[in-house]
Amino acid sequence: MARKNQQESQGNRFRNILFYTSLIMIAVATIIGYIGWKAVYASNVNLSGKKSDVILIPSGSSWEAVKKVLYKDNLIINTTSFEKIADYKKYPSHIKPGRYRVKDGMSNNAIINLLRSGNQEPVKLVLFGIRKKEELAGRVSHKLEIDSMHFLAALNDASLLSAYGLNQDNVLTLFIPNTYELFWTSTPKDVFERMASEYKSFWTQERKNRADNAGLSQTEVSVLASIVQSETNRASDKPIIAGVYLNRLHKGMPLEADPTLVWALNDFSIQRVLNQHKRISSPYNTYKNKGLPPGPITLPSVESLDAVLNYKHHNYIYFCAKEDFSGYSNFSSTLKEHMDNAHRYQHELSKRGIMK
């Protein structure tokens with residue numbers, strides 16, 4: 001009987017040991033599981049109170065370079081767990097450059113999946129108010145990974161430009177002002193392809209027909225539109241001014257467009273064009289050279305392009321800014337009438353102390 005009780009006691013102890021051992025193992029497994037889950041799925045970003053932030057992974061980045069970007073400003077809270085998950089998902093050998101938006105609450109798993117996917121957030125490239133190629137290159141490089149000198153070189157690359165029927169003088173006619181979404185990693189060729197697509201969409205058959213009726217090529221429309229836009233910001237005057245310049249072209253007269261002189265002089269502070277300015281030696285001096293200049297003097301807006309395509313038919317040969325500085329112009333068919341208009345405007349310039 002005593003032996004039986006001893007056996008039962010030993011059995012109870014074994015079961016107790018087994019029970020508590022199981023509890024310990026379950027607890028350990030739970031802890032390990034939780035640690036593993038936390039490493040993969042728990043939030044591991046510090047955005048300092050922001051809902052999201054953007055990170056830039058440059059082209060050709062190594063794993064060490066990526067970590068430097070991610071660890072800046074303590075963006076990643078637990079770097080050890082992040083690197084373990086990154087290694088597990090083989091991210092160090094699948095780095096994709098780009099502009100990525102990290103959101104508050106993202107886990108290691110979510111961040112690495114985002115970076116591995118290459119699912120970039122596009123940037124908005126705004127192309128308005130650009131006169132020179134250098135300005136365009138600067139605007140592009142400010143928004144994209146492309147270096148400004150690299151893009152400027154593309155704008156002057158005869159081989160690249162010839163593929164689009166362009167040259168170094170008229171390349172800006174490809175860029176129609178608008179707001180475009182592009183990936184941060186876009187190359188110069190990518191930008192050209194996007195602009196060419198937009199250009200093709202703009203030049204519908206109807207617009208091509210209107211250009212033909214005006215006796216202009218598509219490039220010439222852009223060049224003339226850039227002059228018209230530089231003359232006025234008044235939409236109602238633009239088609240009339242376009243008609244004046246077309247009348248001059250058809251009569252074989254020089255355009256005598258002051259904005260082309262300002263562009264050639266590269267001094268956009270000039271408010272009053274003087275006779276000395278008209279002596280500059282440049283293909284953009286439309287006082288000395290007949291016809292259109294070789295390229296645009298600004299990126300003409302769609303409104304300005306359409307103003308040329310829908311120019312007003314009239315007999316005006318001259319125009320001059322109104323002396324009330326309203327932005328509108330006085331138009332005339334005779335030189336005498338034009339000189340009267342110009343005298344009133346010049347008098348008002350002097351009255352206001354605008355001498356150059």
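**Entry 1: helix H8**

I began with arginine 194 and glutamate 198, which lie four residues apart in helix H8 (residues 188-202) and are thus separated by about one helical turn. Helices here are DSSP runs of H or I with at least four residues, strands are runs of E with at least two, and both are numbered from the N terminus. The two side chains meet in a salt bridge, N to O at 3.1 Å. I took a salt bridge to be a side-chain nitrogen of Lys or Arg within 4 Å of a carboxyl oxygen of Asp or Glu. Arginine 194 is partly exposed at 25% relative accessibility, and glutamate 198 is partly exposed at 26%. The classes are buried for under 20% relative accessible area, exposed for over 50% and partly exposed in between, with a 1.4 Å probe and protein chains only.

I note that the model is predicted, so local features need pLDDT of at least 70 and side-chain atom pairs count only at pLDDT 80 or more, whereas totals for chains, interfaces and linings use all residues. Residues are numbered from 1 along each chain as its sequence is written, and side-chain values use heavy atoms, with hydrogens and water left out.

**Entry 2: other salt bridges**

I recorded a count of 13 salt bridges under this rule. One of them joins glutamate 64 to lysine 67, with the closest N and O atoms 3.0 Å apart. Both residues lie in helix H2 (residues 63-71), three residues apart, about one turn of the helix.

I then examined lysine 124 and glutamate 181, whose side chains form a salt bridge at 3.0 Å, N to O. Lysine 124 belongs to strand S3 (residues 123-126) and glutamate 181 to strand S4 (residues 179-182), so the pair ties together parts that are 57 residues apart in sequence. Lysine 124 is partly exposed at 47% relative accessibility, and glutamate 181 is partly exposed at 43%.

I looked up arginine 207 in helix H9 (residues 205-214). Its side chain makes a polar contact of 2.9 Å with that of aspartate 306. A polar contact is a pair of N or O atoms within 3.5 Å; within protein, one must be able to donate a hydrogen and the other to accept it, and residues adjacent in sequence count only if both atoms are side-chain atoms. Setting aside neighbours within four places in sequence, arginine 207 is in contact with Phe202, Val302, Asp306 and Leu309. Contact means heavy atoms within 4.5 Å.

Serine 304 is placed in helix H13 (residues 302-309). I found serine 304 buried, with a relative accessible area of 0%. Apart from neighbours within four places in sequence, serine 304 contacts Ala225, Gln229 and Lys238.

**Entry 3: packing of H3 and H4**

I checked helix H3 (residues 79-88) against helix H4 (residues 108-117): they pack at an angle of about 50°, with their axes 10 Å apart. Axes are lines fitted to C-alpha atoms, for helices over the stretch in contact, and angles run from 0 to 180 degrees between N-to-C directions. H3 and H4 are therefore oblique to each other, given that under 35 degrees is roughly parallel, over 145 roughly antiparallel, 65 to 115 roughly perpendicular and the rest oblique. Ser81, Phe82, Ile85 and Ala86 in H3 meet Asn108, Ile111 and Ile112 in H4.

**Entry 4: loop residues**

Which loop holds glycine 327? I located glycine 327 between strand S5 (318-321) and strand S6 (329-332). Glycine 327 is partly exposed at 32% relative accessibility. Not counting residues up to four places away in sequence, glycine 327 touches Thr232, Arg234 and Asp237. From aspartate 237, glycine 327 is 90 residues away in sequence and 9.1 Å away in space, C-alpha to C-alpha.

I then turned to backbone angles. Aspartate 73 has a positive phi of about 60° although it is not a glycine. Aspartate 73 sits in the loop between H2 and H3 and is exposed at 61% relative accessibility. Lysine 90, also not a glycine, has a positive phi of about 60°. Lysine 90 lies in the loop between H3 and strand S2 (98-103) and is exposed, with a relative accessible area of 52%.
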